[in-house]
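Biologist: I'd like to learn how to read a model like this one. Could you walk me through it, one feature at a time?

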Amino acid sequence: MANTTIIPFGPQHPVLPEPIHLDLELDDERVVQALPSIGYVHRGLELLAERHDFVEMAQVAERICGICSFIHGQGYCQGIERLMGLEVPPRAVYLRTAWAEMSRIQSHLLWLGLSADAFGFESLFQHSWRIREMLVDIIEETTGGRVIFGSCKVGGIRKDVDAETLQRVNRRMREIEAAFDEVANIFRADRTVKQRTVGVGVMSAEDAYALGAVGPVLRASGFASDTRQLGYAAYGELEWEPVVEQAGDCYARCEVRLREISQSIDLIRQCLANMPEGEIEVTFKGKRPKGETMVRLEQPRGEVCYYMSANGQKNLERFRVRTPTFANIAPLVHMLKGCDLADVPVIVLTIDPCVSCTER
Amino acid sequence: MSFLKKSPWILHYAATSCNGCDIELLACLTPLYDVERFGIVNTGNPKHADIFLVTGSVNEESRKVVENLYAQMPDPKAVVAIGACALSGGIFRDAYNVYGGIDQVIPVDVYVPGCAARPESIIDGIVQALAILEERARDRKRQRKVVAS
Amino acid sequence: MSANESFEDIELDQWVATASRHRADGFRLVQMTGTAREDHFEVMISYDRNYDCVNFRVHVPRDRPELPSLSVVFPASFTYENELKDLFGFNIPGLALDYGGNFLRTKTKIPFSGSVTLKKEKPERAPSRAAAGTKVAPPTPVREG
């Protein structure tokens, strides 16, 4: 047997927009073991709950990650609202849901672009991001921000969206859908994409479940688990089914995300069609959060958990975030075992690593 | 050595960025903003890069990487710090693992504010860095002449 | 939203047994986290099956923060356990993939142990490489012109 070589992968790597480091132990071209090491983005923001009061903390929560920003804010607010026993008005709930789905689409499009770039298909990267810009425009028009929305606050949302804008959003969704379908066809049918992804990084449903995989990684292995099924926000009132694929390889993970984009477009339409009228926030003057709760939401990358513990003070006692990528590290290590060196970037990208989430 | 007036190659590193500025930076490269029309190319290799774009603040681990990447870039070079975190630590300034802005470890030439910084302002920052880069290249040439004569 | 939220306190010696029982019952490991309370550490673990989430808590004394590893039961627990080790200073016997305190390298060691309080102060300057004692000299900023 040849000697094993250790190749460092990252933290600064052309395919990675973010720093994650892997030590790849290689036997010839085959990966024997992959050892991830993180900590390049660790800021320690969970402890910031000691400095910022529970209202301000929503801003920090949103900045855990710039891609899943809105859903982080939403999760945090949901937790605090539950601790304080606040009932958020339905209009705010529906708008939150619509924004969460928009943020899912933009995240998935972003990922599709990056993964296309990882397997050397640059024009596809450009096309995915072109469509993403169309969506970011809608987000900017309705919330005011491009990546950090800042529209979610404890008790509701910051700003209402008028009916005219909502109609415009509905119209633009059609354009986005048409443009997306074109790109999705390339992802589905192109030989280059297939050759780089089919049969690469296969993980069985049992392994995925046992290793605690979440989100598209778990669903691509044939396990229908989507935290939105809990029915938080407006999901309980909308019609949808979790997207599942059976193959468990990189292609399946790609397919799950492609189908989820279409699903999210549909969910946004449903939100817009059923948008209730009324208030957008409740006041909670003088109230303070008390007790503890565990909130779970579905992010573009999978299930996210927030544990919050409060004792009636202005500041939370403990704020803990378990992000989807953190749960997907163990499955990633498993998938990398035995793959080719050239496939490593593709496999790493198919878990959609979000390092700043992971390390907080 | 002749120095190209335009077309800088950029190197991007996310120090402890939340991704917000990183996506905006990547968005600059894509069709809507398309900085490649100015010849700006994103490279993964510090040895090919002219402008170093850093997003996010410096923490225990990333400061070594930032220093390293900066040291590996050939002169003349310019550094652009992007986003509130890269300027001062931003909202994470008080977090236990954050040292503060990028200027804590390497000299910064252009500061691009914003949380997240908008693509327009990032492009503006790169253009300003270009002027600094040109000036540095000129100075180097002048110094060379003085040494030669 | 998990409809019925349960937080159950268990004894330290039940830690591994609870995990094995849940593994056998088809639960999946959702997360593991620590909380620094005044006189003890609290470690919470959550399992999920069919969107039904159950949480268990153990109290770990502050003077001897030790918790048996669940690596054998849930292989994925290594990330959480290394995190506990680095942020709370736990000792985890039986950890399958031990980073030896290098999973999350932080400026202040074991920041969650309660000794770090965040104050508004001037941020300290990041030590340069030379100060840290490494061989490579820090790049000297040359401001030309």
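Modeller: Let's begin with rings: over all chains, the structure holds 13 aromatic pairs. Rings of Phe, Tyr and Trp (its six-membered ring) pair if their centres lie within 6.5 Å; planes under 30 degrees apart count as stacked, over 60 as edge-to-face and the rest as tilted. As ground rules, this is a predicted model, where local features need pLDDT of at least 70, side-chain atom pairs count only at pLDDT 80 or more, and totals for chains, interfaces and linings use all residues. Residues are numbered from 1 along each chain as its sequence is written, chains are lettered from A and ligands numbered from 1 in the order in which they are written, and side-chain values use heavy atoms, with hydrogens and water left out.

Biologist: How are the rings of A:Phe70 and A:Trp99 arranged?

Modeller: In general, a pair of aromatic rings is described by the distance of the centres and the angle of the planes. For A:Phe70 and A:Trp99 the centres are 5.8 Å apart and the planes at 65°, so this pair is edge-to-face. A:Phe70 sits in helix H2 of chain A and A:Trp99 in helix H3 (residues 90-118) of chain A, so the pair ties together parts 29 residues apart in sequence. Helices here are DSSP runs (H or I, at least four residues), as are strands (E, at least two), numbered from the N terminus.

Biologist: What does buried mean?

Modeller: Under 20% relative accessible area; exposed is over 50%, and partly exposed lies in between (1.4 Å probe, protein chains only). Take A:Tyr76, in helix H2 (residues 69-84) of chain A: its relative accessible area is 0%, so A:Tyr76 is buried.

Biologist: Which residues is A:Tyr76 in contact with?

Modeller: Contact means heavy atoms within 4.5 Å. Leaving aside neighbours within four places in sequence, the partners of A:Tyr76 include A:Phe54, A:Ala58, A:Val154, A:Met308 and A:Phe319. The C-alpha atoms of A:Tyr76 and A:Ala58 are separated by 6.3 Å, with the two residues 18 apart along the chain. The side chain of A:Tyr76 also reaches the backbone oxygen of A:Phe54 at 2.7 Å.

Biologist: And where does A:Ser225 lie?

Modeller: In the loop between helix H8 (216-220) and helix H9 (250-273) of chain A. A:Ser225 has 15% relative accessibility, so it counts as buried. Not counting residues up to four places away in sequence, A:Ser225 touches A:Leu218, A:Arg219 and C:Tyr51.

Biologist: That brings in chain C. How much area do chain C and chain A bury between them?

Modeller: Buried area is the accessible area (1.4 Å probe) that two parts lose on being put together, summed over both. Chain C and chain A bury about 3800 Å², 56% of it on carbon and sulfur atoms. The contact takes 47 residues from chain C and 43 residues from chain A.

Biologist: How many salt bridges does the rule find across that interface?

Modeller: The rule asks for a side-chain nitrogen of Lys or Arg within 4 Å of a carboxyl oxygen of Asp or Glu. Across the interface of chain C and chain A it finds four salt bridges. One salt bridge joins the side chains of A:Glu303 and C:Arg28 (3.3 Å, N to O). On chain C, the elements giving two or more residues to the side that touches chain A are strands S2 (28-36), S3 (40-49) and S4 (52-61) and helix H2 (77-88). The largest share of that side, eight residues, comes from S2(C).

Notes:
A polar contact is a pair of N or O atoms within 3.5 Å; within protein, one must be able to donate a hydrogen and the other to accept it, and residues adjacent in sequence count only if both atoms are side-chain atoms.
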